[in-house]
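Here is a short briefing to read alongside your model. Keep the structure open and follow the topics in turn.

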Amino acid sequence: MASKGFITIPKTKVLRLRRGRVHTSLLGSPVHTPENADGLVGVDIETVDGLVSAIAPAGTFPNNQGIDLNSGIVWPTFVDSHCHLDISHTWERSPNVDGTFKSALAATAADHRINSSYDDVRRRFEFGLQCAFAHGVAAIRTHVDSDETEAERHWTVFGEMREKWAGRVELQATSLTAIDVFGTDFGPKLADLVVKFGGNLGAVTPVGEDDDHGDISPRFQALLDRVFELAEERNLNLDFHVDESGRQGARALGLIARTALRRRFRGDILCGHCCSLSLQPEQMVQETLIACAEAEISVVSLPMCNMYLQDRVKARTPRWRGITLLHEMAEYGIPVAVGQDDCRNAFHAYGDHNMLEVFATAVRAAHLDRPFGRWPQIATLTPARFMKLKDYGSITIGKPANLILYKARTMSELISRPQTERVVLRRGLAIDTTLPDYSNLDDLQ
Ligand SMILES: [Zn+2]
């Protein structure tokens with residue numbers, strides 16, 4: 001049955017929402033009213049023809065007009081800057097036998113060999129989009145598996161889905177392949193394919209046999225320079241999978257930053273994961289963070305996937321959380337976000353493209369509270385900036401009314417429950433928030 005949530009939103013030209021609460025870090029237009037201990041302010045919001053037309057202190061609109069939100073939180077729709085829509089939702093057919101990163105790589109490679117049809121990729125990709133849309137995610141940057149045997153097929157699915165879902169979930173993409181590929185003839189061909197689809201150039205940083213992010217190979221720097229060169233020739237931005245392990249020798253992040261500085265690289269650079277940084281010596285950490293800040297590198301952490309994969313040793317409790325140094329990066333002025341990463345595949349057995357769950361996980365695991373400060377931006381405004389989506393990530397007069405209405409009135413209430421009763425407004429209209437049924441993919445499992 002179609003679900004539009006706990007309150008009924010009429011289809012009208014002018015919509016007035018009374019007595020809501022918005023986190024100050026997510027307000028793009030100032031409201032002159034005091035914030036509470038959570039950083040929330042009481043607001044009335046008006047939309048006209050799907051655009052936010054007024055944001056005023058709660059109680060400004062007459063009581064007999066519009067919808068009373070009863071102090072419920074209003075959030076801008078989410079933005080996910082790191083996801084894998086083409087390889088997700090394969091768990092039942094290709095699970096991870098022991099939960100490790102190495103087994104995830106092996107299971108994914110085997111799955112690609114057996115299940116390689118266009119339709120298979122497209123249906124799982126679209127299932128993920130349906131989940132994301134229903135949870136109030138309005139934009140996603142997905143990584144696209146780009147080995148020579150699959151690149152064309154996976155990028156074509158991405159192109160089809162980007163067109164089909166435009167206006168509901170804005171899609172961007174980044175190539176995902178071992179960095180070794182850029183030492184082969186396929187490297188420039190892949191870069192050209194990325195140009196054709198308007199994507200970002202990306203790679204995972206381990207070289208050759210060391211496929212689970214260990215010590216940096218002597219061959220790494222030359223391959224990295226080649227990636228930069230291909231990007232520079234084509235005016236592409238870069239987006240890497242970096243140091244996804246707890247090994248101190250995994251230190252590609254600093255090398256990427258120093259390479260960008262040496263080459264005076266003019267494009268954007270986003271680095272995902274950066275897990276090993278959390279375990280490196282303090283001096284190395286400081287040097288890396290200084291270089292990243294100088295090179296204007298942005299970072300996206302993937303807490304759900306990395307808590308699943310990192311520090312997994314059979315019959316032993318994990319001793320660290322797999323999350324990069326979010327507080328320290330923010331301190332150095334490095335923009336940081338969180339993303340969903342893999343869902344229900346060998347890299348991560350769980351996940352539903354629910355960015356509120358990702359945000360809540362990050363808050364609990366990385367202590368992004370007391371105070372919440374600007375942390376609500378890590379799943380909204382900051383990834384929207386990475387993706388240059390000016391209309392997303394904040395609640396701003398003149399911008400589209402893409403809003404999520406929650407019953408929760410405080411940050412504790414918001415983070416404590418799954419918020420299944422949300423109302424998602426896209427351009428001022430309530431969407432159906434029913435999640436797709438798992439059985440839709442049964443014949444692919
Ligand atoms: Zn990833």
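**A buried arginine and other backbone points**

R344 is buried, with a relative accessible area of 11% (buried means under 20% relative accessible area, exposed over 50%, and partly exposed in between, with a 1.4 Å probe and protein chains only). This is a predicted model, in which local features need pLDDT of at least 70 and side-chain atom pairs count only at pLDDT 80 or more, while totals for chains, interfaces and linings use all residues. Residues are numbered from 1 along each chain as its sequence is written, and side-chain values use heavy atoms, with hydrogens and water left out.

**Backbone**

- R344 is not a glycine, yet has a positive phi of about 50°; R344 is found in the loop between β12 (336-338) and α10 (helices, H or I, of at least four residues and strands, E, of at least two are DSSP runs, numbered from the N terminus).
- N235, also not a glycine, has a positive phi of about 60° and lies in the loop between α5 (220-234) and β9 (238-242).
- Is N235 buried or exposed? N235 is exposed, with a relative accessible area of 74%.
- A cis peptide bond, with omega near 5°, runs from R370 to P371, and P371 sits in the loop between α10 and α11 (381-386).

**Around D86**

- D86 is in the loop between β6 (78-83) and α1 (101-114).
- D86 is buried but has no salt bridge (a side-chain nitrogen of Lys or Arg within 4 Å of a carboxyl oxygen of Asp or Glu).
- The nearest side chain of opposite charge to D86 is R124, 6.8 Å away (Lys and Arg count as positive, Asp and Glu as negative; His and the chain ends are not counted).
- The side chains of D86 and H154 are joined by a polar contact of 2.7 Å (a pair of N or O atoms within 3.5 Å; within protein, one must be able to donate a hydrogen and the other to accept it, and residues adjacent in sequence count only if both atoms are side-chain atoms).

**Domains and core**

- The domain assignment gives domain 1 (2-77 + 393-430) and domain 2 (78-386); such bounds come from an automatic or database domain assignment.
- The centres of domain 1 and domain 2, taken over C-alpha atoms, are 31 Å apart.
- In all, 18 residues of domain 1 are in contact with 24 residues of domain 2 (contact means heavy atoms within 4.5 Å).
- The largest nonpolar core has 95 residues, of which W75, W155, L201, F240 and I269 touch the most other members (a nonpolar core is a set of buried Ala, Val, Leu, Ile, Met, Phe, Trp, Tyr and Cys residues joined through side-chain atoms within 4.5 Å).
- Helix α10 (residues 355-366) gives the most to this core, with nine residues.
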